[in-house]
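Here are some comments for a student who is reading this structure for the first time. Please keep the sequence and the 3D view open while going through the points.

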Amino acid sequence: FGAVLFETLAVVSIFVFRWHRAEAERPYRCPGYPLVPALYVILPAFIVVNMFLHKDTIVEALAGVGFIALGAVVYGSLGLGRRSPCEPGK
């Protein structure tokens, strides 16, 4: 569950970076943009939704969500998401 979710989020980041940093240099190309990444986001979304709809896999899906939530709590409680007061390059 977690692998499908995080791989999908990595592909979603292509859209986010192209939206927020349109002028950035792109040394690596994304073939078939935006169709191929969009399909890659849509198809795993069906897998994740399907895991919650079937009785056989709902426990695994809930366990995956629980571990991801636990990781987010630990990440936040350790202060790892805070920005540094010094910006790189200055």
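The points below go from the whole chain to one residue.

1. The model is predicted, and this should be kept in mind throughout. The chain has 3 helices and 0 strands, and its elements, followed from the N terminus, run α-α-α. The chain is more spread out than a compact globule, because its radius of gyration is 17 Å, well over the 12 Å that the globule rule gives for 90 residues.

2. The C-alpha atoms of the chain fill a box of roughly 55 × 40 × 15 Å along the principal axes. Of the 90 residues in the chain, 10% are buried, and the chain exposes about 7600 Å², of which carbon and sulfur atoms supply 69%.

3. Among the contacts in the chain with a separation of 6 or more, 49% are accounted for by residues 24 or more positions apart.

4. Which residues does Phe 15 contact, leaving aside its neighbours within four places in sequence? Phe 15, which lies in helix H1 (residues 2–20), is in contact with Tyr 33, Pro 34, Pro 37 and Ala 38. Of these, Pro 34 is 19 residues from Phe 15 in sequence, while their C-alpha atoms are 8.1 Å apart in space.

5. Phe 15 has a relative accessible area of 25%, so it counts as partly exposed, given that buried means under 20% and exposed over 50%.

Notes
Residues numbered from 1 in each chain as written. Predicted model: local features only at pLDDT ≥ 70, side-chain atom pairs only at ≥ 80, totals over all residues. Heavy atoms only, no water. Helix = DSSP H or I, 4+ residues; strand = E, 2+ residues; numbered from the N terminus. Rg over C-alpha atoms; globule rule 2.2 N^0.38 Å. Buried < 20%, exposed > 50% of the residue type's maximum accessible area, 1.4 Å probe, protein only. Contact = heavy atoms within 4.5 Å. Areas by Shrake-Rupley, 256 points an atom, 1.4 Å probe, with all protein chains shown as cover.
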